[in-house]
Amino acid sequence: NLLFHQLPLKGNSSCSQSKERVMFWRLQKVGSSTVLSILISYGYRYNILPKRKPMKMNRVCEKFRECTDKTILSLVKSKKPHSRKLRESPNNNIQQKLIREGMFSNLPFGIILSHEICNFAAPLIEHSLDCVFNISKQEISNAIKSNCTDSDIKSNYAVPGKRVKELFLVREPLSRAISVYYFWGELFKMRQFAKRNGRNTLSLDYLDFIDNYLPSQDNLYNSSSVSQRQLTFLLGKSGPSTVVDGHMFKYHGDESTSPPKDLAISFASSPPLRAGMPGPSYSWSAFADSVKEAVAVLESNRMMTLVIERLDESLVAAAHFLGWSLADMVITVPRKSLSSHPKHSQWPPEAVSLLRARLIKTGEYQVYEAAVKKLDERLEVLERQGVAVKREVEMLQMLRNRSTEICGVESYLKVYRLMLQNQGYPTHPANNKLRDVSEELANNGHLFSYNKEILGSFDICGSCEAHALLWNDHKEYAYHKMQGFSLKELLTRYPNITQNDVNFKKCPSKSHFMMI
């Protein structure tokens with residue numbers, strides 16, 4: 001019933017509601033889980049459902065193809081959408097599609113954030129976005145005709161493909177490739193360990209298995225197998241450090257050390273990137289079918305490019321792009337940041353040079369540099385429009401620091417955990433198997449399921465507390481001194497704030513704090 005309970009979205013007009021659709025083009029190993037936590041927190045707090053992660057990979061990409069077949073094939077006669085990486089749908093029967101997707105995946109959603117690597121022609125994706133989000137012609141007509149003062153929303157609704165805000169996150173290619181080596185290497189190691197303990201079902205594509213299959217299929221395993229709880233913490237802890245022969249490359253078996261020269265050069269000679277899923281993919285293949293086409297998209301104003309090495313600047317620009325508050329961009333617990341594997345500066349120099357050359361040849365640096373350049377352009381435009389970017393970056397950092405300080409106290413964070421529990425949200429079944437957060441947070445019950453996505457009580461705490469800090473009348477003093485009212489203190493002075501301000505609708509009320 002939780003998923004059907006919808007409070008008003010931010011704002012009151014149809015135009016305001018129409019803004020709340022976000023497509024996150026999510027690559028692997030770029031820091032996407034941290035941005036993911038922002039989107040999921042925002043979705044929870046403003047009742048915007050993320051599209052449920054399907055059991056089947058690339059389901060959203062298949063939806064792009066289905067929408068394209070129906071709507072715009074006539075516009076692009078020279079190139080029919082295709083992808084060797086997608087499985088064909090059994091048929092176009094609506095009942096079959098509902099069965100395949102599951103009942104909840106067909107609910108109205110506003111955010112897509114699964115790993116979707118479509119490898120289609122960019123114009124086809126752009127023109128099919130509305131269809132994928134099930135935006136009806138009537139809704140478009142109502143938005144255009146409405147008496148909204150936001151000219152940007154009117155113009156968005158008048159142009160195909162701009163009714164959805166697109167985000168794309170990149171990471172310096174060499175750093176990303178090294179991260180791929182260790183992350184996938186540890187998955188190879190997990191698979192090998194599982195096979196030795198009787199879990200031959202892991203011979204399926206095991207990233208898909210680990211992400212989607214394991215939590216709901218305990219009945220496949222007999223009692224003599226390693227328990228699910230043990231398997232949960234195998235990433236980075238799976239047995240002795242021996243060479244593992246994965247299906248993409250050989251891994252030396254230890255995430256705390258650099259590989260020997262021969263294995264490093266072998267990996268660098270053929271980086272395991274592909275134009276699709278499953279697995280680590282070429283950056284350009286998410287929303288285009290060539291490097292040139294992807295760069296053209298990034299050079300346009302179509303999507304917001306975030307750069308993980310410049311995350312704070314990226315989040316400030318993204319806040320303006322999305323029309324969100326800086327408080328909505330606060331992160332208190334970065335995801336998947338626990339691995340301290342060696343950087344490329346610690347790898348054999350010959351392997352690093354070879355790997356860089358391969359990444360240049362395949363267009364990874366071309367895409368990365370285009371994204372960085374576009375971020376610079378957006379920041380320059382904001383400055384010309386009177387936005388003090390440096391000041392907002394500092395503000396975001398101080399909001400994050402103070403919110404992290406408040407939410408870092410377990411007795412305080414417990415209020416948010418109990419609030420989510422009392423609302424009926426179940427604990428997420430993933431059991432922190434990919435080390436999203438510390439074991440302490442996971443073991444204390446702070447990971448919940450929001451339409452199958454991981455929702456952390458600390459994510460809600462971060463943004464709610466940041467909004468409380470922004471609400472403080474003495475902002476300048478609060479920012480510079482890294483002080484300001486916590487939400488609990490604010491409710492002591494203004495007990496009705498959660499009833500009158502949409503930013504606090506899904507935050508704890510005074511009664512929640514009185515429970516402990």
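Modeller: The account below begins with the chain as a whole and then turns to the disulfides.

This is a predicted model, in which local features need pLDDT of at least 70 and side-chain atom pairs count only at pLDDT 80 or more, while totals for chains, interfaces and linings use all residues. Residues are numbered from 1 along each chain as its sequence is written, and side-chain values use heavy atoms, with hydrogens and water left out.

The chain has 23 helices and eight strands; helices (H or I, at least four residues) and strands (E, at least two) are DSSP runs, numbered from the N terminus. Of its 516 residues, 57% are buried, where buried means under 20% relative accessible area, exposed over 50%, and partly exposed in between (1.4 Å probe, protein chains only). Taking contacts (heavy atoms within 4.5 Å) between residues at least 6 apart in sequence, 77% join residues at least 24 apart.

The structure holds three disulfides, each defined as a pair of cysteine sulfur atoms within 2.5 Å. One of them joins Cys61 to Cys118, with an S to S distance of 2.1 Å. Cys61 belongs to helix 3 (residues 59-71), whereas Cys118 sits in the loop between strand 2 (111-112) and helix 5 (122-132), so this link ties together parts that are 57 residues apart in sequence. The link of Cys61 and Cys118 is left-handed, with -90° about the S-S bond. Cys61 counts as buried because its relative accessibility is 0%, and Cys118 is buried with a relative accessible area of 0%.

Trp25, Phe287 and Leu487 have the most contacts inside the largest nonpolar core, which has 139 residues. Helix 8 (residues 173-196) gives the most to this core, with 11 residues. Such a core is a set of buried Ala, Val, Leu, Ile, Met, Phe, Trp, Tyr and Cys residues joined through side-chain atoms within 4.5 Å. In soluble globular proteins, nonpolar side chains tend to be buried together.

Another disulfide is formed by Cys407 and Cys461, whose sulfur atoms are 2.0 Å apart. Cys407 lies in helix 16 and Cys461 in helix 19 (residues 457-471), so that distant parts of the chain, 54 residues apart, are linked. The torsion about the S-S bond of Cys407 and Cys461 is about -95°, and the disulfide is therefore left-handed. Cys407 and Cys461 are both buried. Helix 16 (389-407) is also one of the elements against which the buried residues of helix 13 pack. Helix 13 is mostly covered, with 10 of its 12 residues buried.

Helix 19 takes part in a further link, as Cys464 lies in helix 19 and Cys507 in the loop between helix 22 (497-500) and helix 23 (510-514), so the pair ties together parts that are 43 residues apart in sequence. The sulfur atoms of Cys464 and Cys507 are 1.9 Å apart in this disulfide. A torsion of about -90° about the S-S bond of Cys464 and Cys507 makes the disulfide left-handed. Cys464 and Cys507 are buried as well.
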